[in-house]
Every structure is written in C-alpha cells, then in structure tokens.
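Hi,

Here is the structure I promised to pass on. Have a look, and my notes follow below.

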Protein chains: 2
Amino acid sequence: MDVSGRTYPQLSLDLQLCFPLYAATRAVTKRYVTLLKGTGLTYPQYLVMLVLWESEEPLSVTSLGQRLRLDSGTLTPLLKRLETAGLVRRDRDPGDERRVLVSLTEAGQALEEQVSGVPQELGASMGITRDEALALRDQLTELVDHLDTAESS
Amino acid sequence: MDVSGRTYPQLSLDLQLCFPLYAATRAVTKRYVTLLKGTGLTYPQYLVMLVLWESEEPLSVTSLGQRLRLDSGTLTPLLKRLETAGLVRRDRDPGDERRVLVSLTEAGQALEEQVSGVPQELGASMGITRDEALALRDQLTELVDHLDTAESS
DNA sequence: CACAACTATATTGCGCACAACTTAATAGCG
DNA sequence: CGCTATTAAGTTGTGCGCAATATAGTTGTG
C-alpha cells in the first residue's frame with residue numbers, strides 16, 4: 001500500500017488495527033456457522049450456552065449480560081429463541097419477580113457434548129498454535145479493558 | 001476461572017480466543033460511536049469512507065465489497081444512507097450499466113480532514129504502543145487469511 | 001405505611017451482516 | 001445474430017447489538 005502521496009496517511013485502511021479486528025471477528029463468526037451447523041445455534045447463542053454450561057445454577061439475564069457484555073435488548077429476544085428451540089427455560093425468580101432465571105433443559109445440557117469438539121476445530125482453522133492463541137487472547141482482553149476505561153472517562 | 005471439575009474444560013469462555021475477539025470488536029465499535037459523533041457516520045460507514053478517500057477514482061460496489069469483505073446486501077443500503085447524507089454519489093457506469101460507481105461529493109471529501117485525528121485518538125484509548133498495534137494487526141490479518149482458506153476447503 | 005429512587009427485564013427502532021433470491025446487463029459461444 | 005451463462009447490484013428475511021424508553025417489582029427513607 002503506497003501511502004506516500006496522501007494528505008492523511010494515518011487514515012489508510014491497511015495501517016489501522018481496527019479493520020483486521022473487525023474482519024477477523026466476522027471471519028470467525030462465519031466459521032462458526034459451519035461448525036455449529038447441526039446444532040441450530042448461532043454464534044451469539046453458542047456463547048450464551050457456553051456461559052450456562054459453565055454455571056452450576058440458573059443465571060439471571062443481567063448475570064449473563066455481565067459475562068458476555070450484552071444488554072437485555074440483545075439477550076431477551078435471543079433467549080426467547082433458545083427457549084423456543086427447547087434448549088433453555090426462562091422462569092421468573094420467585095424471590096424477586098423482576099428477575100428472570102435462565103436454566104438449561106435436558107436438551108440444552110445434552111448439546112454440550114455435541115459441540116465439545118468445536119473449539120479445537122476452530123483452533124485448527126485459525127492456523128495458530130495454542131500458545132499464540134492464548135497470547136492473542138490476553139492482548140485482546142487487555143485492549144477491551146483499556147477501551148472500557150477510555151469510554152467511561 | 002476454575003475449570004478443573006468440568007467434563008469439557010475446552011468450552012470455558014475464558015480459555016477461548018473467540019470471545020475476547022468478539023468483545024474487542026464491539027468495544028472498538030462503541031468507542032468509534034463517540035469519536036465519530038459529529039460526523040454522523042457509523043463505524044461501517046467510516047470504513048467505506050476510508051476506502052473512498054484512499055482511492056483516486058470512483059469505485060464500484062463490488063470493489064468496495066472486496067476491500068471490506070462485505071457484499072451488496074450490506075453495502076447497497078449503507079451507500080444509500082451515505083448518499084442521503086450527501087457524502088457520496090451513486091451513478092451507473094455508462095460503460096457497463098450493471099455497475100454502480102460510488103464517488104465522493106465535496107462534502108464527502110471535506111469530511112476527511114474532520115476525522116483525521118480519529119486513528120490517533122482510538123490508539124490512545126487502546127492503551128498499546130504503535131508497534132504493538134501493528135503486530136496485533138499482522139496477527140489478525142494472518143488469522144483472517146487462514147480462516148478464509150479453511151472456510152473454502 | 002407512603003412514596004420516591006432504584007433495579008430488572010422487555011420493547012422499539014435503527015443499522016448492520018449475510019444467506020438466498022431477483023432483476024438487469026453483459027459476455028461468450030455456436 | 002441468438003441464446004445461454006455469467007456478472008453486478010438490489011431485495012428480502014433473519015438475527016444480532018445497542019440506545020432509548022417503558023413497565024413492573026423492590027428498596028430505602030421519612
């Protein structure tokens with residue numbers, strides 16, 4: 001990319017981090033469509049299921065949202081679709097009727113085994129070693145933390 | 001994150017690369033909302049403008065799509081919004097009436113100066129050095145290339 | 001207890017992404 | 001030239017993300 005003649009070379013798409021980040025996320029999501037075919041899950045739905053699988057007990061919508069950084073505007077319709085698919089239940093918390101507790105159905109629990117090979121398959125598609133992936137993960141996590149700080153200031 | 005008791009520890013959200021990637025993209029996008037306030041641009045619209053600013057001549061929808069990895073289903077409505085905003089023109093190519101050539105209006109050209117500080121501001125928000133950003137960019141670009149290969153095989 | 005402040009979820013509206021499909025124009029081939 | 005295949009852009013439908021708002025339930029204070 002020849003950038004020498006530009007008035008604002010810093011605006012070159014290829015010099016910026018933001019675009020590869022955006023493209024990588026979409027490429028990963030696209031790969032998940034293939035890997036999750038047969039489960040009926042979308043990628044965000046898969047993430048919600050990951051959180052539920054690693055929880056010992058039902059989670060409120062807010063708890064799910066904190067873990068995934070998503071709000072009720074995104075989660076409520078998504079959870080309704082998971083409920084329609086028979087993978088989760090949504091019950092009002094008897095102790096606090098404002099809260100909705102999301103829990104796995106038997107079908108939802110059973111799905112965990114079916115997707116257990118997905119992370120490794122995705123790792124293989126990315127063409128990086130486990131250590132590289134973990135290092136990248138840490139860098140991105142740090143980046144998110146910084147952006148959170150910047151945004152709230 | 002205690003993972004020791006799980007049947008499928010590889011499914012732990014915190015062990016995977018995919019979630020930080022997804023979270024980082026959304027955090028960056030959110031930061032752009034703030035940085036682009038005043039221009040009226042969304043982040044994808046800003047990316048389209050970046051491509052147009054670095055092009056010497058009008059671009060077809062397909063060319064824009066190849067550069068940004070987006071298809072006409074995404075670009076057509078987005079470009080119509082940019083046209084409504086007075087930033088671009090959309091004209092049929094007289095030499096090939098199937099093609100639509102997207103070109104900058106004067107207002108579209110003038111906007112470049114207004115956003116010229118955005119990359120640096122974003123860089124500051126991310127809390128990483130320029131070299132770290134470039135290294136990360138290269139890793140993500142490589143990741144996208146690998147995923148493309150995996151997807152098409 | 002009354003009531004204001006707060007919290008949790010749901011709803012609405014907009015703008016992506018993208019798959020699948022349609023329409024129109026062009027290219028290629030007999 | 002005529003016809004088929006291909007290409008370019010547009011359309012439709014689904015599912016996010018998220019801001020803004022609405023609604024219902026809870027908490028804290030006097």
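Which helix gives the most to the surface near DNA strand D? Helix 4 of chain A does, with four residues. (Helices are DSSP runs of H or I, at least four residues, and strands are runs of E, at least two, numbered from the N terminus.)

Before the rest, some housekeeping: this is a predicted model, where local features need pLDDT of at least 70 and side-chain atom pairs count only at pLDDT 80 or more, while totals for chains, interfaces and linings use all residues. Residues are numbered from 1 along each chain as its sequence is written, with chains lettered from A and ligands numbered from 1 in the order in which they are written.

Chain B has an open sheet of three strands in the order 1-3-2, with antiparallel pairing (a pair needs at least two DSSP bridges). Strand 1 (59-60) and strand 2 (88-93) of chain B are at the edges with a single partner strand each, so one side of each has no neighbour in the sheet. Two bridges join strand 1 to strand 3 (residues 96-104) of chain B, and B:Leu59 has B:Val102 as its bridge partner.

A:Arg69 sits in the loop between helix 3 (61-68) and helix 4 of chain A. B:Arg69 also shows a positive phi of about 60°.

Cheers
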